Amino acid sequence: MPIGDEKHRLIFEELANILGSDYVSDDPAVVRSYTRDWIVFSAVRDFIPEFVVLPKNVEDIQQIVRLANRYQFPFSVIGSGLFSIGFVAVKPYWCLIDPKRMNRIIEIDHKNMYAIIEPYVTHAQLQAEAMKVGLYNGTPEAGSQACALANHVWHGLHGTGYRTGFATRNLLGMEWILPNGDILGTGSLAVPGSGYFWGEGPGPDARNLRKGIMSGHGAFGVITRIAVKLYPWPGPSCLPTNGITPSRTCELPTDRFRWYLFTYPTLEDTIEAMREISKSEIGMIMHHWPTVYFNWWWAKSREEYWRTWAEEEYWQKNVRNSIGICLWGHASEKQVEYEEKVLYQIIEETGGEFIPPEVYQRWVPYTANNWVRDANGCRMMRVGTFFIANLIVDSFDDMIDSLEKTWEVIDKYSPPILDYDHADWIAPHDFGHAALLETDFPHEKTAEVSAAVIKAIGDELEMGMKGLRMDGSAGALLNVTGPTFANIHQMVARIKNGLDPRNVANPTRLIDMEKMKKDKV
């Protein structure tokens, strides 16, 4: 990076004029701190932004984006920083926008059940305030420390997705700064004075241009404010916890919340049982957790993890092919009693078996309610770190075939992949009309092992890993996958060129426009 040249100094001065010198930095220690990541040790260390800026409001971001167009320097925006490979610098003069000063809950409309939030409001912050007025919003596996806005507009696979659906379902009005600096309001915001209450239309729906299951990785601009749909919360106004971390417990009132864990002889049987439960539309939370998840979330230390997993094989003996479901009594206590009867009948008809009470007590009070408000997700890092070999959203029918292909690949490269059994997280969404499948595996967080893991999986899963490769292009996803999916990269390239003709908004992350132009020539 040409740090210190004339263009660098000019950009720094202009950014300082917009924000004030206290909120712009090119200090090597500051900018390098934004290259630390949980996912791999060596992947992002060399991708250092030249500037980090801390805007206060939408006007600040708008001026930064317009300046980027004037001087033609690239920018990206960070949330809580859990996925650095999505925004670290890959070009000279890179400006990283950190909105940590934009951390306000603008409004919680308890009557119409939605909240208006700024970018740095966390899921925990939003939930704590929503629960005070009897409302609730799901949290992702990443944890409640994640930014709610970033999670909703980028990914948004929540613990309660079985009932509350993908984050796309819960996005209402969005305030969106386009890559040229113009402001676009989506949903009801498209009609002046209408507010944030609705997410679609009128006319062509711009929301899904920005967010389907996954987002455009910031390639279409910056979302500065959103409204998110909230749901009824039948629990206490403050989440009840006891003890001190890492031994803190959370137990909700059993007259309105009841957890059940049961197992099946095979994974195929487990999926069929989840299908039947989904048809009945009972419960608020349902997951098939891989066996290793029980240890990842429950273990309080690295030593306890390996003792329980490798020496005792405690979870392997007790929770294979399991289903966890939590019934919520939104209407009354009788709702829980009725749904319990339905659940028992399904378990009996599908050949399920409840886990032993001792196992239940070891898991549920300490860990189960993380899918209500996750606080233990980062315990997955106690063994080092982990990598996602496969993440798809499809039907139940696709689960087994996808898992077997993924397991075959990662078994071939263990080690450097650590002992972990076969991870197979399946999370139904929208009452089983779709399901998330994720295959995670752990490895040591060292430069050598991280490089070996990336190379090993990349050699075998060429298409998928090219989408995440850590070279100069930092992952031109659609250039690689587009030809397989109806040449969608050609359509996206036209949209990107129309919204961002100077290619300043997080270039190369969604699509490599320079490569597209070379290929066209």
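Two strands count as paired if DSSP finds at least two bridges between them. I needed that before opening this model, which is predicted.

**Whole chain**

I started with the overall picture. I counted 20 helices and 20 strands in the chain. The radius of gyration came out at 23 Å, close to the 24 Å that the globule rule gives for 521 residues, so the chain is as compact as a globular protein of that length. I also looked up the span of the C-alpha trace, and along the principal axes I got about 70 × 55 × 45 Å. Buried residues make up 55% of the 521. The chain exposes about 21500 Å², and 53% of that comes from carbon and sulfur atoms. I checked contacts with a separation of 6 or more as well: 71% of them join residues 24 or more positions apart.

Next I went to strand 5 (residues 105–109), which pairs with strand 6 in the antiparallel sense over four bridges. With four bridges, the pair clears the cut-off of at least two. Strands 5 and 6 form a hairpin, with four residues between them. In that turn I found M113 with a positive phi of about 60°.

Which way do the residues of strand 6 point? Y114 and I116 point one way from strand 6 (residues 114–117), while A115 and I117 point the other way. All four are buried.

**I97**

I97 lies in strand 4 (residues 95–97). Is I97 buried or exposed? I97 is buried, because its relative accessible area is 0%, under the 20% cut-off. Leaving out residues up to four places away in sequence, I97 touches V53, P55, I64, F75, S76, V77 and I78. I also checked F87: I97 and F87 are ten residues apart in sequence and 9.6 Å apart in space, C-alpha to C-alpha.

Last, I looked at an open sheet of three strands in the order 18-20-19, with antiparallel pairing. Strand 18 (385–394) and strand 19 (425–429) are the edge strands, each pairing on one side only. The twist averages 20° from one strand to the next. Nine bridges join strand 18 to strand 20 (residues 434–443). I noted I392 standing opposite L437 in strand 20.

Terms used. Residues are numbered from 1 along each chain as its sequence is written. This is a predicted model: local features need pLDDT of at least 70, side-chain atom pairs count only at pLDDT 80 or more; totals for chains, interfaces and linings use all residues. Side-chain values use heavy atoms; hydrogens and water are left out. Axes are lines fitted to C-alpha atoms, for helices over the stretch in contact, and angles run from 0 to 180 degrees between N-to-C directions. Buried means under 20% relative accessible area, exposed over 50%, partly exposed in between (1.4 Å probe, protein chains only). Contact means heavy atoms within 4.5 Å. The radius of gyration is taken over C-alpha atoms; the globule rule is 2.2 Å times the number of residues to the power 0.38. Accessible areas come from the Shrake-Rupley method with a 1.4 Å probe; for residues, only the protein chains shown count as cover.
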